[in-house]
Structures are given as C-alpha cells and as structure tokens.
Protein chains: 2
Amino acid sequence: MPQNIAFGPRIRKSPFFDATQSAGVSHYSIYNKMYFPVSYGDPLAEYDRLVNGVAMWDVAVERQVKIKGPNALDLVRVLTPRNLDKITIGQGRYVPICDHRGTLINDPVLLPISQDEYWLSIADNDLILWARAIAYERKMLVDISEPDVSPLAVQGPKAKQVMIDMFGDWIEELKYFGFRYTIYNGIELFVSRSGWSKQGGYEIYLTDSRWGQHLWDAVALAGAVHGIGPGAPNYIERIESGLLSLGADTDDDTNPFELCMDKMIDLDQDLDFVGKEALKRIHSIGPARLWRGYVMDGEPFVGPNVQRWPVTVSGMPVGHVSAGAYSPRLKKNIGLGLVSSHYADSDALLVVETEHGERTAQVTRLPFDVPKAKVQATQ
Amino acid sequence: MPQNIAFGPRIRKSPFFDATQSAGVSHYSIYNKMYFPVSYGDPLAEYDRLVNGVAMWDVAVERQVKIKGPNALDLVRVLTPRNLDKITIGQGRYVPICDHRGTLINDPVLLPISQDEYWLSIADNDLILWARAIAYERKMLVDISEPDVSPLAVQGPKAKQVMIDMFGDWIEELKYFGFRYTIYNGIELFVSRSGWSKQGGYEIYLTDSRWGQHLWDAVALAGAVHGIGPGAPNYIERIESGLLSLGADTDDDTNPFELCMDKMIDLDQDLDFVGKEALKRIHSIGPARLWRGYVMDGEPFVGPNVQRWPVTVSGMPVGHVSAGAYSPRLKKNIGLGLVSSHYADSDALLVVETEHGERTAQVTRLPFDVPKAKVQATQ
C-alpha cells in the first residue's frame, strides 16, 4: 500500500511547490512545518548531477529568523558562543546556537543584512521561539519575525557558471558565505555562496513568494545548457562530506565540543552568551563522544539507513551511526555518528548493527577523502 | 505519480508505528518531528467509527514537556495566563500559552503528576525550547525534558465501555481531563479522560515505548466486540466541534481573545506571567477578529480544504476559512476560521473563495449544533 504524504493547510507550501510538483517530486518530508521535496525518484541520478554537474533544490524550508532593531547584533551575540567581533555586513557565518545546558539547539547561517538587521537561516526547529524568549526576558530592543524569504539552492561543480550566466561576473567575487542583494528581472533577491553540500554552490534567497515559479523557471532556463535538473540535499554526498544534520545526528544532550566545533566556541568573550557556564564546564571535562566517520565492510548498502545503527565493542555500546549509505565515489559503505572519545582515534574494529545485518567498522576523521575526478554514479 | 512520505532517521517513529503500519495507514503527516498517521484510506468510515462507535488513534505525536523540580509549578504558572490557584494533582487542564506579544504559541493540556512534576501535552511546536528559555533566564530550579511518554487515544461514544472492560469501573470516576496512574499487564500507564474530539473518549499515556505493540494489541482486543478500528484526529468532526488546531488555524499574531479564550485568561493575577502586559493591552482594545464557524452553500465539498480560503464582503477581505469540509451529520458545508469582529455576529452574506469555486457563507457561533442521533456517514 502506498504511504502518501497528507496535504493540508497545517503544513506550509514552498513558493516553489508547483514548480517542484511539475518537476516530478516523488518523496516529501516536512521541515520547519513546510513540505520539503527530498527525492525525484532516481537517487543515483540526483547524486551524479550534484557531484558532476549542477542541481537545483527547493530549500525554502530553510526559514529565516529576522532580527531587527537597535539591539539586533547584541541579541545575535548572546545567542551564539561564536565570537562575532569581526562580523561584516554581506559576509555570512555559520553560528552554533546552544541552550543554557550547552546543548546544540540549532546551527544556522547568520546573514548580516545591515547594521540593525540579521537573519538566521535555520535548521529544523522553532528557533524563533527561543530567540524571542531570550530577547524579551533580557528586555532587548529588537523585532523578531519570519520574513517571506525562501532559498533556492544551485549546487554542484557547474553551479558557478549557471550563476554567472544569470547574474554576471560579480558572482566570482563572493567569498564562501558571502552574499549580495540584487534584482533579477524585477525580482528582489539575495544571492549567497553557500549550500548544504561540499560540491560548491549558491543559494538564491527569494524575498517575495509570489515569484517562486518565475525564479525556478529562470534558473532552469539558465542551467539547461549545463544539464541542470531538480534535486534535494543529498544523503550520500552529505555523509561523504561530513555535513551535520540537526536532529538526525544530534540529541537533546549533544554539545558543540562533541561535534568538533571547538574553533567556533569562544569561552573567553566578555559577554553573557547563553550556555557560557555549561560550555565551560563541558570543556574542562572534555567531550565524552566525538563526531566521526565510519567505514563499514560487506556488500554495498541498498538505500540509506531508516534508523540509527548501534555501535558496540565486545557487546558494549560505544556509539551509533546516525547516517549510513554506500558511497559510489569511495566504493565503500560509509557512515556518520558519535563515538565514545576512547574509540574516536583508534584502529579498533567496531560492530555496527545495520538494517542489513551486522557489519565490522573502523572509525575515521571527517570529511571522507573522496576522489575529485568525475566518476560514474553507479554501484 | 504517487507522492510518498520519506522515511529516515531525522523524523521519529511512534512506539505504535509498526502496529499502525499493520493496520494499514494510507497517509502520514509529521507533527512534533514524528510520523503521524492521519488516514487509513477510508475517511468516511473513520468518521462514522468516531461519531457512532469507537476508534483508536496513534497520537504519540502529542509529546510531553515534563517540568520537574522545586519551581515546577512556579514555572507552569508563568507560562500560562490561566489562573492555576485551584490546580489539583490528577486533574488536567487546558492551558493557553502566550509569548510576550500575547500571541498564542501553544495550547497544551497540563497534567499535574505530583507536587513537583507537571507535564504539558503539546501541539506542534518546540515548546520545550520556550519553557527552557524562560526557566533558565528566570533562574528557576526545574529540570525540563521530553519523557518517553506516548498517548494512544480511544475515542467515540463506545470508548467508555472499552476502557471499563480494560481497566475497570474506576474509569467512570474520571472527570473531564482527570487522569490516573495504573499498571495494565505490567505496563505502566496514565489513563486520562481526554482527546481531540467531542465524541467522548480517553487517552492512554504509555510510559515505556518498548510496549507500544502490546498496548495497541490490548486495546484492539478489548475493543473488538465494540467494533473498534484505527483512525486519527478527524478533520470533519473537529470542524463540527469547533476544535482549534494550532498552526492550521492560528498565525504568528493570533491572540487568545480572538480565539474566544477569555475565560482562560486571568489578567488580575498577582503574578508576572509571560505576555501579561501585551494581553492587557489587547484586551483593552478588544479583538480585531473572532473565531467562528462558517456555513457555506452549494454542492457538498469533496474532501477537505488544501489551503486557507479567503473570505470577503464586497471584495474586501474580512477573514478566512482555515478548515472547511462537508458535514455528513449537518448535511452542510461548514468551516472554521477567524472573521473580522464587525462580522462575527452578523447575518451578512460573505463570499468564500474555495478550491471548489466561490461560495456564499454565513457566520455562526461554535460549536455547530450537530444532531446527537446515530446517522449514516454518507453524502
């Protein structure tokens, strides 16, 4: 029996919804209370397009928390343990956000729009509730809202040429996470060099949802000569690249030191940022687990993991694989997850209980060492 | 092309997941980051079972925010504008939760478990982030967590007999929202007289997810003689009953006075609850919109609304229908939504732009006056 996604008014539709329907979405998830196309029915073709060509993704589910007002930067600075002394307008930055217990609760990209306006491009939870609670309890002068802003990602080695064809040579000037305001055929946009892959790419932030179909069509047209096609954040590529997926890889007690975000945590700031005391305590003890790759033996996995896989040594739990799949480029079964610090840099053979049976695994540092050359995305 | 729900480790599975799969789920949504069965493929049979018989629903998506510690009640009291002076252990209560702007951000049922432990059985958002932010910023001594607790609802006029057969005559003693701890075949449970319908019913809070299949099977077995079958919160019945669906019916600026929750808001409490100043201001001005039913003319609607329907008078927007469907018991097209206060109690004919064309509508108070007698759930 087919198990369909239910459509109704409780969950929002992206401004690219009709366009993605026409492009043939086969599978949806829901993310930030919006329908999220996650497959168009041919995972290997989508993978191939991303690593060898160019893909366009409806990532409108990356909602923005807009913080505006005299205390906007003050609020952003207490929301993250990252030092923002050198933040500049037009240059984004990845900012871990922790709660008072030191748990990572979101990991958005911060976009400094102007001196009194900042956007947080968030992962899947209600960070707007958190930001408002902190702001109002600390009596800060800010207005916090979710604007009508919806990113469309253009990802892959050929993404840059598509973007240059659409917007011009200034695309080359964007640093990683750099962004610029522009108007394209009358549509107001922010164009950012960013995206949830390591294949190079851009995100086009549409600022008026009425123009979703127009923007989608314009990208599809500009990309046609480069073989652009629809896609979504790619499960295999994100494992190869060691990209974190909040909620999939993290729990209610995962801290940024476990996730190897040490360089993004400045405990010496003279600033009462949220989680400071807890993070100091965690840092002094050292992380109990660490974020690592796994290489697993045996037959290639068919499809991604449906649930987390427990990892053991001599029957004792030492971690888990939160994402696992066969990598066509590495020609190996690989995974991501947290492992006991004791085993984080060891050669020990671990046992992983997968949905495909028991596998032997070794731990490795991230990202995986993936060959750059063009390969066929086949098993 | 079928549009499937994507299964993966980012979204959680209910402890009743396998049981509901066996029972034939046809449609899923996602709610509180958990797969939520919303249909078993025969909406009218599910409706009929709820209003004339008994249905069992996997509502594990109603996650609990557990607040425990010396300041547990203090925190709950500042989280809601409702007066909790007379709260008693074992007697639940519906508690609107507002932010500092007076917007309704959740509408859970509060379960007072013990003097230092309270659960909030929440609608679809990350209320745990909100509760933690307020608690830590106000330096309250509480621990806030999401326990391994998953409600299974038994709803409909025959629900009481099923529950008595399972648990005994004490079920009769439960007042509305009353609950009791019990052990059934070794499984620890809380049994509550509650549920998201007005057909009478109960919710069984499973406190150990390993026993999901056992509990499901036990309810199915006890209910077999009464014709129990699987179901889900019912779209048509909830409209008939005027039940609010957070997020579907509410926005980022919907306040409890608009939702006719006046009796649940005590602005005179000598207590610095969140939103007090904003709610006073809103109350002094009076609500701009009000929560009402709509009766719409024309052919019976086929299926529920997929998006909100705008409501106009002489071309001017005066409200919306956030939920609309044909009622087999009223034999009318009905809907719920917010309408300009000016039209909330008028006989004016309004125009609704539905997916089935333009319809003429009249506003009515809620709930709808549905006949109690058994009727056939057919069009």
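Which residues have the most contacts inside the largest nonpolar core? They are A:Ala131 and B:Ala131, and the core has 218 residues. A nonpolar core here is a set of buried Ala, Val, Leu, Ile, Met, Phe, Trp, Tyr and Cys residues joined through C-beta atoms within 7 Å. A residue is buried if 20 or more other C-beta atoms lie within 10 Å of its own, exposed if 12 or fewer, and partly exposed in between, with C-beta atoms placed from the backbone.

A word on the model comes next. This is a predicted model, in which local features need pLDDT of at least 70 and side-chain atom pairs count only at pLDDT 80 or more, while totals for chains, interfaces and linings use all residues. Residues are numbered from 1 along each chain as its sequence is written, and chains are lettered from A and ligands numbered from 1 in the order in which they are written.

Start at A:Ala131. Set aside its neighbours within four places in sequence. A:Ala131 is then in contact with A:Val65, A:Ile67, A:Leu75, A:Leu79 and A:Ile144. Contact means that the C-beta atoms of two residues, placed from the backbone, lie within 7 Å.

Now turn to the two chains. In all, 45 residues of chain B are in contact with 45 residues of chain A. On the chain B side, the elements that give two or more residues are strand E1 (4–5), strand E2 (27–31), strand E3 (34–39) and helix H4 (127–137). Helices (H or I, at least four residues) and strands (E, at least two) are DSSP runs, numbered from the N terminus. H4(B) provides the largest share of that side, 7 residues. By class, the side has 21 nonpolar, 15 polar and 9 charged residues. Ala, Val, Leu, Ile, Met, Phe, Trp, Tyr, Cys and Pro count as nonpolar, Asp, Glu, Lys and Arg as charged, and the others, Gly among them, as polar.

Strands also pair across the two chains. Strand E2 (residues 27–31) of chain A pairs with E1(B) in the parallel sense, over 2 bridges. Two strands pair if DSSP finds at least two bridges between them. Within this pairing, A:His27 stands opposite B:Asn4 of E1(B).

Look next inside chain A. Chain A is divided into domain 1 (17–63 + 149–237) and domain 2 (239–364). The bounds come from an automatic or database domain assignment. The domain centres, taken over C-alpha atoms, are separated by 28 Å. Here 8 residues of domain 1 are in contact with 10 residues of domain 2. On the domain 1 side, helix H2 (43–52) and helix H7 (235–241) of chain A are the elements that give two or more residues. H7(A) gives the most, with 3 residues. That side divides into 5 nonpolar, 1 polar and 2 charged residues.

Move to the strands of chain B. E18(B) is joined by 2 bridges to strand E22 (residues 350–354), and the two run antiparallel. B:Val311 has B:Val352 as its bridge partner in E22(B). E22(B) also pairs with E23(B), in the antiparallel sense, over 5 bridges. There, B:Glu353 has B:Glu358 as its bridge partner in E23(B). A hairpin joins E22(B) to E23(B) through 2 residues.

Last come some details of the backbone. Most residues other than glycine have a negative phi, and most peptide bonds are trans. B:Lys33 is not a glycine, yet has a positive phi of about 55 degrees. B:Lys33 lies in the loop between E2 and E3 of chain B. B:Lys33 is partly exposed, with 17 other C-beta atoms within 10 Å. Phi of B:Ser314 is also positive, near 50 degrees. B:Ser314 sits in the loop between strand E18 (309–313) and strand E19 (316–321) of chain B. It counts as exposed, with 8 C-beta neighbours inside 10 Å.

A cis peptide bond joins A:Leu366 and A:Pro367, with omega about -5 degrees. A:Pro367 is in the segment after strand E23 (357–364) of chain A. In chain B, a cis peptide bond joins B:Leu366 and B:Pro367, with omega about -5 degrees.
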